[in-house]
Amino acid sequence: MAAILGLIVGVIAGIFLQPDIPVALQPYLPIMVVAALDALLGAARSYFERSFSDRVFVISFFSNVITATLLVFLGNQLGVGSQLSTAVIVVLGIRIFSNVSSLRRFIFKG
Amino acid sequence: MPWIKKLHTDAGDEPVRIPPKAKGRIHGGGDDTTTGSFPVVRRKPGHVLDARFSRVKVLTSLLVAFLTALLGFGYMVQVNNTKSSYEGLSEEELVRLLDETSTQVDKLEERKSQLSQQLSSIKSSADKQQEAARIAQQNEQSSGILAGHLPAKGKGVTITIDESGDRIDAATMFTVIEELRNAGAEVIACNDVRVVTSTYVKDTKQGIDLDGSKLHSPYEFNAIGDPDALQNAVQIAGGVGSRIKVQFHASVSVQQSNSVKIDQIRLPQHYQYAQTVE
């Protein structure tokens with residue numbers, strides 16, 4: 001409930017505020033969003049598994065975002081920023097897919 | 001429960017043993033969570049709801065809400081950013097954009113050169129107009145003098161013809177004017193009339209009609225030009241001066257002067273049919 005409320009509030013704030021992103025943050029923001037999405041879907045899965053824990057969610061959220069950002073940062077430092085960000089996106093995408101399929105199986109029992 | 005009763009009846013002193021209830025959750029009810037894919041996790045034993053714990057729970061809910069809000073916010077910001085930046089575009093799109101942009105740049109350059117050409121032509125024409133205005137101003141005086149709009153003064157001669165007997169005819173008058181013109185007279189006036197290109201002379205019963213005004217003796221011609229040439233033009237042997245003397249018995253005197261002043265002017269003529277060629 002709190003998660004859904006927070007999501008709605010954040011989207012509305014993003015629509016109405018429309019801030020300018022600092023240039024330094026620009027390559028990392030999409031990765032951060034995808035990583036946070038992965039954390040959110042993992043939390044949804046664990047919620048349905050009845051093993052949801054606030055603390056785990058918070059930690060996984062931050063660790064996901066920070067790890068993804070650091071990976072892309074490292075890639076930028078090494079000159080393979082776009083490739084590494086693609087890799088991160090692929091891995092997170094796979095995780096998101098598996099989470100979604102787990103949710104689907106839970107909801108539709110099949 | 002018949003078997004309990006039976007037990008009871010079988011062993012009267014034995015206490016009745018009720019089978020213990022199954023621990024945990026009863027499966028098959030409405031709250032069944034078995035899906036085959038998730039291990040069924042038992043609900044955690046309910047926490048004791050004291051004040052401290054509920055405060056922590058509210059705090060963590062707020063934290064979760066904050067994090068998801070952060071996610072939603074970041075998502076929307078990125079969506080807005082993607083709309084306005086070229087980062088997410090493919091190579092083809094970027095090439096197309098670059099092409100379009102360079103085409104636009106070319107067009108704008110072309111337009112710019114056109115406009116600057118126009119500007120320079122306008123500037124030069126403005127200069128030309130200024131120049132033309134200056135020349136026109138310069139010409140205005142000479143033309144005005146030539147056309148008789150302006151009074152003039154300068155070196156020239158004054159010719160006085162005093163008829164004593166016969167009336168001098170228009171043809172002779174006209175010859176006098178023509179001779180003066182031939183001799184290079186720039187401005188000519190006769191009595192009250194400024195002689196210009198359109199001046200006519202004709203005979204009438206009352207006398208000579210010069211441009212619509214009657215001439216009476218003595219006729220006084222003022223002419224601006226080279227004094228010697230003008231004097232010669234009239235007084236040359238066998239010229240118009242001697243003819244007037246012989247034919248009409250009139251006296252002709254020519255006086256050179258350094259400052260002949262001609263005040264007679266001719267008002268500007270309004271042309272009815274003639275128009276200037278642009």
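This is a predicted model: local features need pLDDT of at least 70, side-chain atom pairs count only at pLDDT 80 or more; totals for chains, interfaces and linings use all residues.
View 1. An unreviewed UniProt entry lists residues 27-44, 56-74 and 80-98 of chain A under "transmembrane region". Let's look at two of them. Residues 27-44 of chain A are 89% helix and 0% strand, and the C-alpha atoms at the ends of this stretch lie 27 Å apart. Residues 56-74 of chain A are 100% helix and 0% strand, with 26 Å between the end C-alpha atoms.

View 2. Start at helix 2 of chain A, which covers residues 29-48 and holds D38(A). D38(A) counts as buried because its relative accessibility is 1%, under the 20% cut-off. Beyond its neighbours within four places in sequence, D38(A) is in contact with N64(A), L92(A), R95(A), I96(A) and N99(A).

**View 3. The largest nonpolar core.** Here you can find a core of 29 residues, the largest nonpolar one. I159(B), I161(B), L180(B) and F221(B) have the most contacts inside this core. Helix 4 of chain B, residues 170-182, gives the most to this core, with five residues. Now zoom in on I159(B): leaving aside neighbours within four places in sequence, its contacts are L180(B), Y219(B), E220(B), F221(B), V234(B), V252(B), S253(B) and V254(B).

**View 4. A second, separate core.** This core has 22 residues. Among them are A35(A), F61(A) and V88(A) from chain A, together with L67(B) from chain B.

Notes. Residues are numbered from 1 along each chain as its sequence is written. Chains are lettered from A and ligands numbered from 1 in the order in which they are written. Side-chain values use heavy atoms; hydrogens and water are left out. UniProt positions are given in the numbering used here, feature names are shortened, and annotations may be inferred rather than shown by experiment. Helices (H or I, at least four residues) and strands (E, at least two) are DSSP runs, numbered from the N terminus. A nonpolar core is a set of buried Ala, Val, Leu, Ile, Met, Phe, Trp, Tyr and Cys residues joined through side-chain atoms within 4.5 Å. Buried means under 20% relative accessible area, exposed over 50%, partly exposed in between (1.4 Å probe, protein chains only). Contact means heavy atoms within 4.5 Å.
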